[in-house]
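Here are a few friendly notes to read alongside the model. Keep the 3D view open and look for each element as you reach it.

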Amino acid sequence: MNNDVIQNKKDLVYLSRQVINKIKRKALSNKRKRARICLHKNIKDKTSEMIIALNKKSFISPHIHPDNKSESYHIIKGEMDVYIFNSKGKLLKRIQMGEFNSKKSFFYRMCKGFYHMPFPRSKWCIYHETYSGPFKKEIDVTYPSWAPDENNNKEVKNFLKKYKIKN
């Protein structure tokens, strides 16, 4: 298992602030500056649910999921923007997200494949993600040719500059 993932093994799950602190520590200790706790028991489950901690230094490259899969985000703490692109990389929409009292969108759901990119706007963005399983990364996540390699700092920097996205 990746050092940025905590896998649930229980049939009854309930979380406290200590779990959030734990995934934040995990995020800080890895190169991608993000971590998650998988609330589902394995990748074969029909629904995947995760609590994700994104540090402001994290970057998730634009990607798409198959049309028959839905995905939703519910902000618990902090802020992020979700950028929606067309297949050629044209920016179609920026969804500003924040906690319920922020007056920004606190919930997002897509039920058709859109190229999308979550981007943290606060020191920490903690959110609940739900995804239609079962999850098979090689099928369920496709990166377009115009998206930067998230491990290549120069490509990421140029991509953010092109779309006028400031961290």
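1. Let's begin with a definition: the expected span of a helix is 1.5 Å times one less than its number of residues. Please keep in mind that the model you see is predicted. Helix 1 covers residues 17–28, which makes 12 residues. From the first C-alpha to the last, helix 1 reaches 17 Å, close to the expected 16 Å.

2. Now look at which side chains of helix 1 are hidden. I20, I23 and A27 are the buried residues of this helix. Looking down the axis of helix 1, you will find these buried residues within an arc of 65°, so they line one face of the helix. Turn to the other side of helix 1, and Q18 and R25 are exposed there.

3. What covers the buried residues of helix 1? The cover includes four strands: strand 1 (5–7), strand 2 (34–38), strand 3 (47–55) and strand 9 (124–132).

4. Six strands form an open sheet in the order 1-2-3-9-4-7, and their pairing is mixed. Strand 1 and strand 7 (107–110) are the edge strands, each pairing on one side only. From one strand to the next, the twist averages 20°.

5. Strand 1 and strand 2 run parallel and are joined by three bridges. Which residue in strand 2 is the bridge partner of V5? That partner is R36. Remember that strand 1 is also part of what covers the buried residues of helix 1.

Terms used:
Residues are numbered from 1 along each chain as its sequence is written. This is a predicted model: local features need pLDDT of at least 70, side-chain atom pairs count only at pLDDT 80 or more; totals for chains, interfaces and linings use all residues. Side-chain values use heavy atoms; hydrogens and water are left out. Helices (H or I, at least four residues) and strands (E, at least two) are DSSP runs, numbered from the N terminus. Buried means under 20% relative accessible area, exposed over 50%, partly exposed in between (1.4 Å probe, protein chains only). The arc is that of the directions from the helix axis to the C-beta atoms. Contact means heavy atoms within 4.5 Å. Two strands pair if DSSP finds at least two bridges between them. Axes are lines fitted to C-alpha atoms, for helices over the stretch in contact, and angles run from 0 to 180 degrees between N-to-C directions.
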